[in-house]
Amino acid sequence: MQKKVDVLVKWLQDQMKETGVKGLLVGISGGIDSAVVTNLIKLAAPDSSLGIMMPCKSNPTDLAHATEVAEKARIDHLTIDLSRTHDVLLSDIKTELVTAGLHNPDQEKLSDANLRARLRMSTLYTVATNHQYLVVGTDNAAEWFTGYFTKFGDGGVDLAPLAHLTKGEVREMAKYLGVPNVVVEKQPSAGLWEGQTDENEMGTTYEYIDKYLKGEEIPEKDKSIIEEMNRKTAHKREIVKIPPKF
Ligand SMILES: Nc1ncnc2c1ncn2[C@@H]1O[C@H](COP(=O)(O)OP(=O)(O)OC[C@H]2O[C@@H]([n+]3cccc(C(=O)O)c3)[C@H](O)[C@@H]2O)[C@@H](O)[C@H]1O
Ligand SMILES: Nc1ncnc2c1ncn2[C@@H]1O[C@H](COP(=O)(O)OP(=O)(O)OP(=O)(O)O)[C@@H](O)[C@H]1O
Ligand SMILES: [Mg+2]
């Protein structure tokens with residue numbers, strides 16, 4: 001595991017050198033992926049790394065876990081609460097849509113959720129510009145393959161160091177790096193609405209996604225969910241589409 005950590009830390013340091021930035025930052029959610037990235041950026045840039053907690057009508061336990069992660073990693077951190085901003089922007093958008101007779105209530109929960117992820121992205125880039133840092137993302141191989149992230153939200157980052165690690169490998173790395181147990185053991189959740197868990201929403205499990213990625217056998221039903229997610233989200237892994245030259 002030390003070798004894997006060394007490879008990722010060196011890669012992060014190389015990216016800093018190549019781009020000439022002064023440091024690295026990450027959003028710390030209280031979940032395991034950002035906990036691992038927090039530790040990696042602190043190792044890569046001990047004096048120029050930053051974690052940002054961004055509750056947005058979130059469960060207060062998540063902020064408590066995020067604070068534990070940051071304190072244990074001894075990383076500089078700050079909290080920016082996005083609840084009020086989210087309320088204002090969402091209600092302004094909704095008012096205009098309702099007035100124009102264009103509001104679609106069936107999509108309300110998802111657009112509310114994705115706005116949270118995109119406000120976090122905007123916040124991270126605002127601080128990144130201020131500090132001349134890069135924004136480090138937390139997507140692991142399972143999330144990257146299935147496209148289980150918000151396009152230009154938590155997917156809108158400069159670097160994605162965990163993109164080749166399965167969720168199981170992220171968990172092993174978290175234990176190795178000393179991430180608090182309560183974070184290692186909790187259910188993965190995007191925290192975008194009350195009671196959301198990744199596995200419930202996806203309709204399959206990280207265990208099956210990890211197995212699939214390692215070329216192991218999994219039930220046909222899960223295989224088709226995973227392949228369908230991958231197919232439908234191809235656009236999230238590409239840069240913006242442009243028309244052919246004319
Ligand atoms: N074929 C295509 N080519 C180009 N663009 C295409 C497209 N199909 C949709 N789009 C665009 O993409 C948008 C849909 O993508 P997107 O906005 O990402 O939205 P969508 O994939 O519908 O939702 C994001 C999913 O990621 C989950 N999530 C989000 C954030 C964090 C985490 C987590 O694990 O922490 C999970 C969230 O719970 C939800 O299930 C459409 O509104 C459209 O603008
Ligand atoms: N409340 C939050 N504060 C700061 N950053 C957040 C918050 N919620 C989400 N994020 C950012 O969005 C990323 C995507 O969330 P995601 O849930 O996939 O990762 P995680 O919470 O670290 O791990 P897990 O998938 O196990 O819950 C987080 O890793 C973090 O960088
Ligand atoms: Mg989470």
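Helix 5 supplies four residues to the shell around ligand 1, the largest share of any element. This is a predicted model. The shell holds 16 residues, and A117, T150, K151, A190 and H235 come nearest to the ligand.

**Shell around ligand 1**
- Helix 5 (108-131) and helix 9 (198-202) are the elements that give two or more residues to this shell.
- By residue class, the shell divides into seven nonpolar, four polar and five charged residues.

- R118 is found in helix 5.
- R118 has 19 other C-beta atoms within 10 Å, so it is partly exposed; the buried class needs 20 or more.
- Setting aside residues up to four places away in sequence, R118 touches T150, F152 and G153.
- K151 lies in the loop between helix 6 and helix 7 (167-177).
- K151 is also partly exposed, because 15 other C-beta atoms lie within 10 Å.

- D33 sits in helix 2 (residues 32-44).
- D33 is buried because 22 other C-beta atoms lie within 10 Å.
- Beyond its neighbours within four places in sequence, D33 is in contact with T138, N140, L162 and V170.
- E143 sits in helix 6 (residues 141-146).
- E143 has 26 C-beta neighbours inside 10 Å and therefore counts as buried.
- Not counting residues up to four places away in sequence, E143 touches Y148 and F149.

**Strands 2 and 3**
- Strand 2 (residues 49-53) pairs with strand 3 (residues 76-79) in the parallel sense, over four bridges.
- Between these strands the chain passes through helix 3 (residues 60-73), and this β-α-β crossover is right-handed.
- I52 stands opposite L78 in strand 3.
- In a regular strand, side chains alternate between the two faces of the sheet.

Conventions:
Residues are numbered from 1 along each chain as its sequence is written. Chains are lettered from A and ligands numbered from 1 in the order in which they are written. This is a predicted model: local features need pLDDT of at least 70, side-chain atom pairs count only at pLDDT 80 or more; totals for chains, interfaces and linings use all residues. A residue is buried if 20 or more other C-beta atoms lie within 10 Å of its own, exposed if 12 or fewer, and partly exposed in between; C-beta atoms are placed from the backbone. Two residues are in contact if their C-beta atoms, placed from the backbone, lie within 7 Å. A residue is near a molecule or strand if its C-beta atom, placed from the backbone, lies within 6 Å of it. Ala, Val, Leu, Ile, Met, Phe, Trp, Tyr, Cys and Pro count as nonpolar, Asp, Glu, Lys and Arg as charged, and the others, Gly among them, as polar. Two strands pair if DSSP finds at least two bridges between them. A crossover is right-handed if, with the strands pointing away from the viewer, the path from the first strand over the helix to the second runs clockwise.
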